Amino acid sequence: MTSNATPLEQAQSPWREIAESERLERELHDRKPQLSSGNAVAEANRCLYCHDAPCIKACPTGIDIPTFIRKIATGNLSGSARVILDANILGLSCARVCPTEVLCEGDCVYNHLDQPPIQIGKLQRVATEHAYARGERFFERGEPNGRRVALVGAGPASLACAHELARLGYLCTIFEKRDLPGGLNSTGVAPYKLHLEDSLRELEYILGIGGITLQTGVEVGGEVGLEALASDFDAVFIGFGLGEDGFMGVEGEDAAGVHGAVAFIERLKTEPGFSVAGVRSAAIIGGGNTAIDCVRELRGLGVPRVQMIYRRDEATMSGYAHEWTYAKAEGVQGVFHAQPLGFVVEAGQVRGVECARTRVEEGSGRLVVDAGEPFVVEADLVLLAIGQSKLGSLLADIEGIQLDRGRVVVDPATGQTGDPRFFAGGDCANGGKEVVNAAAEGKRAARGIHAWLDARG
Amino acid sequence: MADLTSRFAGITSPNPFWLASAPPTNTGEQIMRAFDAGWGGAVWKTIGQPIINVTSRFGAVHYGRSRVIGFNNIELISDRPTEVNFKEIYEVKKRYPKHAVIASLMVESREEWRDMIKRSIDAGADGLELNFGCPHGMCERGMGSAVGQEPAVCEEITRWAVEDSTIPVIIKLTPNTGDINEPAEAALRGGAHALSLINTIKSIIGVDIYKATPQPQVRGASTNGGYCGPAVKPIALHMVAQLARNPLVNVPISGIGGVETWQDAVEFLMLGATNVQVCTSVMHYGYRIVEDMIEGMERFMREQGYATLEDMIGLATPKYKEWGELDLNYELIAHIDEEKCIGCQLCHTACWDAAHQCIHLREDTRVPYVDTHECIGCNLCQIVCPVPDCITMLEVDNGKPQVTWQDYADALARGETLPAGKHTSQTALS
């Protein structure tokens, strides 16, 4: 067994308890079920095996997709998983949560042939699940090199970074402020894509390489200072993601039934007994992917009326068009050109969102709020999905680290910050992207740390 | 309407699509259903001394998403009593007088042959097909391909049959021979009225690598079987064409081997077959496939202006030449339709790794381009391209005279050099 067996196993019991408890997310089932082995082979055989394939270039982690698909076609599922996980150790979750429609599958050449693209995500899932089911491991911890790296946050970026460092022979310690590790894969990803237990399954698989210690319930900046980490360790990776949900700062926002979207999703994924029973009508404010996740989740949980309130029109929403198409098909309604002004509250309980009409001013293209009579979108549950705070301020003490609108500025080749001891990746550096971006940036930082320490001697 | 009526060695059938002697023609009941589905004739499952079969009997090659591109069997001839088979031939012929019913026979001694031939004629069979082709099980007993592989034996048994028969005698040939002309000419010396080919190719269909056992397995072991199905069609086409252009072969040929569609059948006819026989595709999809074979061939003939089958038969045979008769100065180059190209770059990989390194990539586009000066027109890019009509082969007017290898070699012998081949002189490329 690996050297971190003890801390891992100690840490496992609270996760297991939560993972096995009755949580609301369990009512949301897989929207893209796993392919049967026969269908997987048939789909794999459709792959053209392109030269210098566009799908590889579209993958932030650069998985050699035609190679892993060909291995599925030949029945070499373990080899297929090895190819995937070699490029992206979060291949299991990425297979389910990646917006493949706009990444690998979006660039499949079949799109130019009036044929559906290869179902790359589903094939990746078949291969990675095969390896997980057999407990197959492909990578060994490198010969210990005596170097130690601290990682802040136990989300996808840190996990990818730590795993890569472990392969290179580093000892890693991950500090996570929550009791539950895994970052947004555990607390934020839409349950119809990934459940908490699958996030934890992947986390345990990653930690299984050895050489990685996970300390949960430890908030860096509190009892453990960043400076202290930097002097205790050879380098520090910052992967602490984004902060709290943003609020509008209007009256009634503290009423019962008004929640930040990310916090709300975390509760439905991780809080035993949390329920939306009795909610008749929900309104979600925002037009990004978190907003779309919320509306789809609430519809999936049986809330009869779910509306999304967005300031502009459908075409300008930042959420993925394919996700919004699914949402509409599931019965979600959009309220467009609506600017929330405040809340209708009765006896401390929210009853609606008061909105003004907006329009785009001709010429300037600016969004302006109409002076006309406000209207009310009735809702007894309101979620705010208007962005999360940036945590860059936590780095204020570290002089060299530069921030850009709250994001940590890093060297795009190495993930190194302005203070060479610190590297960063994931949402805190990219402002909030996909799991696969975090995985790529975590791995990039590991290589960056290794190169920097090697150069320093 | 084009006329699909088939006239084969004096045997008339409504169309040229016959079922080959095989499991689909095992019983009268099956054959009558096949005729109802549209088949023009059927060669009965080979009749001889009843045998005992093993389990399992069949194996197949699957490729990618396609099942059964190749098929093999270790089943022997009919395991039913001979009298049952002859009684059913009688019944079928009585109910379907316009359809061709051929008795396939395989026995050993002259007396047995005489007996079987008489009973076939008495049952009303339209013709006899002597199974000199089966490459498994029966050949070890001195029958089937053991006969087809020995020209003297082939000739002798053919002669017996022709002497004893009042109906056409078709000799079914095995492809398991060095030169198909030898058994064919032997059969003709024996007086055969027609030839049919190919029987199956001796094969081992595959190995179960987890049990280290060849397939199909019979209690942990296997044996060589007969290979057939779509994958063998090119071999069958070649052998049919070899006989069709052999001036000694002056009898009709029944083409067999991988026929599944009307196009396949037209190919056999154009290379000299008078009709076709089908088995594997029926084993895969059932008798119903004949409906499209009939409709497709009739439509093709009408559109192409062929009134009868005879108008098509052998059209391609004169164009099957020796390599040395081909023009060394005929020049093609590949052309990629940039609008149709989807950017898979398989043509680039294929050309680069396996052809002439003349399809290149560019910055800013995934559409490759052809270096026409270096392209040798081999077709590989067109073959691997997944997009219909994206890569075409364009003929180059290079102004060179037609020069065959024979011409070239003759000139060399005279001490001259003829311009031949792409890079021997200036070509008309821009």
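**A walk from a surface patch to a salt-bridge network**

Let's start on the outside of chain B, where Ile204(B), Val207(B), Ile209(B) and Tyr210(B) make up a nonpolar surface patch with about 530 Å² of accessible area together. Patches like this are built from residues with over 30% relative accessible area and no salt bridge, with nonpolar side chains (Val, Leu, Ile, Met, Phe, Trp, Tyr) joined within 5 Å and like charges within 9 Å; the areas come from the Shrake-Rupley method with a 1.4 Å probe, and for residues only the protein chains shown count as cover. Ile209(B) sits in the loop between strand S12 (206-208) and strand S13 (213-215) of chain B. Ile209(B) counts as exposed because its relative accessibility is 66% (exposed is over 50%, buried under 20%, partly exposed in between, with a 1.4 Å probe and protein chains only).

A word on ground rules: this is a predicted model, where local features need pLDDT of at least 70 and side-chain atom pairs pLDDT 80 or more, while totals for chains, interfaces and linings use all residues. Residues are numbered from 1 along each chain as its sequence is written, chains are lettered from A and ligands numbered from 1 in the order written, and side-chain values use heavy atoms, leaving out hydrogens and water.

Now for the charges: Glu22(A), Arg23(A), Glu25(A), Arg26(A), Glu197(A) and Lys269(A) are tied into a salt-bridge network (a side-chain nitrogen of Lys or Arg within 4 Å of a carboxyl oxygen of Asp or Glu). Within it, Arg26(A) reaches Glu22(A) at 3.6 Å and Glu197(A) at 3.9 Å, N to O. Glu22(A) is exposed at 58%, whereas Arg26(A) is partly exposed at 27%.

Key
Helices (H or I, at least four residues) and strands (E, at least two) are DSSP runs, numbered from the N terminus.
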